Amino acid sequence: MPTVESLIAGHKESITRQWIEVALKTYPAETASFFLREKDRFANPVAGSLSESLTKVIDGLASQASQNELSECLDAAIRVRAVQSFAPSEAVSFIFSLKQIIRDVTGGQGDNDNSGPYRQLDKKIDELVLLGFDKYMECREKIFELRAYEARNRVFKAFEKAGLVSDPEQTN
């Protein structure tokens with residue numbers, strides 16, 4: 001009986017290419033078209049970063065990577081989507097498509113195939129979605145902290161210009 005890793009390892013390039021396309025198609029049509037057309041990483045850093053990240057995830061799934069390793073692999077893809085203000089469900093929904101892509105590429109029986117390796121695969125991908133959600137929330141939290149810090153500094157500077165407060169470090 002094949003393992004999840006052997007199912008993926010035998011078809012890594014095809015699975016990766018299809019998964020990247022699905023992820024890029026979650027953007028508005030014109031943007032997705034540009035992302036799919038422009039292959040230069042410097043002219044198209046979002047697609048380049050996403051492609052690199054998803055390729056690492058597939059490599060990780062094919063080589064029994066730990067959850068921490070998979071989380072690191074997924075980081076760049078989710079970080080980009082968090083900055084672009086995707087809703088949490090939109091940011092990670094493309095990960096679920098990996099189940100069907102792998103079944104299609106490896107000849108699985110679609111959603112009805114619940115045999116051993118596909119059941120394990122579903123579990124791994126569900127865990128990957130949860131890792132992606134955690135990563136997304138971590139990034140959004142950091143963005144909000146930065147915004148709060150910036151707002152605090154603007155208010156302080158306005159008060160300072162008005163002579164209402166002074167910076168204790170500058171008075172010493």
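The structure is a predicted model, in which local features need pLDDT of at least 70 and side-chain atom pairs count only at pLDDT 80 or more, while totals for chains, interfaces and linings use all residues. Residues are numbered from 1 along each chain as its sequence is written, and side-chain values use heavy atoms, with hydrogens and water left out.

**Exercise 1. Overall form**

Determine the secondary structure and the dimensions of the protein chain.

Solution. Begin with the secondary structure: the protein chain has eight helices and zero strands, where helices (H or I, at least four residues) and strands (E, at least two) are DSSP runs numbered from the N terminus. The pattern along the sequence is accordingly written α-α-α-α-α-α-α-α.

Next, take the dimensions. The C-alpha trace spans about 75 × 35 × 25 Å along its principal axes. The radius of gyration is 21 Å, whereas a compact globule of 172 residues would have one near 16 Å; this radius is taken over C-alpha atoms, and the globule rule is 2.2 Å times the number of residues to the power 0.38.

Finally, consider burial. Of the 172 residues, 39% are buried (under 20% relative accessible area; exposed is over 50% and partly exposed in between, with a 1.4 Å probe and protein chains only).

**Exercise 2. H4 against H5**

Describe how helix H4 (residues 45–62) packs with helix H5 (residues 67–83).

Solution. Two packed helices are described by the angle between their axes and the distance between the axes. Axes are lines fitted to C-alpha atoms, for helices over the stretch in contact, and angles run from 0 to 180 degrees between N-to-C directions. For H4 and H5 the angle is about 160° and the axes are 8 Å apart. H4 is therefore roughly antiparallel to H5 (angles over 145 degrees; under 35 count as roughly parallel, 65 to 115 as roughly perpendicular and the rest as oblique).

The crossing of H4 past H5 is left-handed, that is, the near helix is turned anticlockwise from the far one by less than a right angle; clockwise gives right-handed.

Contact means heavy atoms within 4.5 Å. Among the H4 residues that meet H5 are Val-46, Leu-50, Leu-54 and Leu-61, and the H5 side includes Leu-70, Leu-74 and Val-80. By class, the contact of H4 with H5 has eleven nonpolar, three polar and two charged residues (Ala, Val, Leu, Ile, Met, Phe, Trp, Tyr, Cys and Pro count as nonpolar, Asp, Glu, Lys and Arg as charged, and the others, Gly among them, as polar).

**Exercise 3. H5 against H7**

Characterise the packing of H5 with helix H7 (residues 116–161).

Solution. The angle is about 50° and the axes are 8 Å apart. H5 and H7 are therefore oblique to each other. H5 passes H7 in a right-handed crossing. The contact includes Leu-70, Leu-74, Asp-75 and Arg-79 of H5, and Glu-127, Leu-131, Lys-135 and Arg-140 of H7. Its residues divide into ten nonpolar, three polar and six charged.

**Exercise 4. Arg-41**

Solution. Not counting residues up to four places away in sequence, Arg-41 touches Gly-48, Ser-49 and Glu-52. The C-alpha atoms of Arg-41 and Leu-70 are separated by 23 Å, the two residues being 29 residues apart along the chain.
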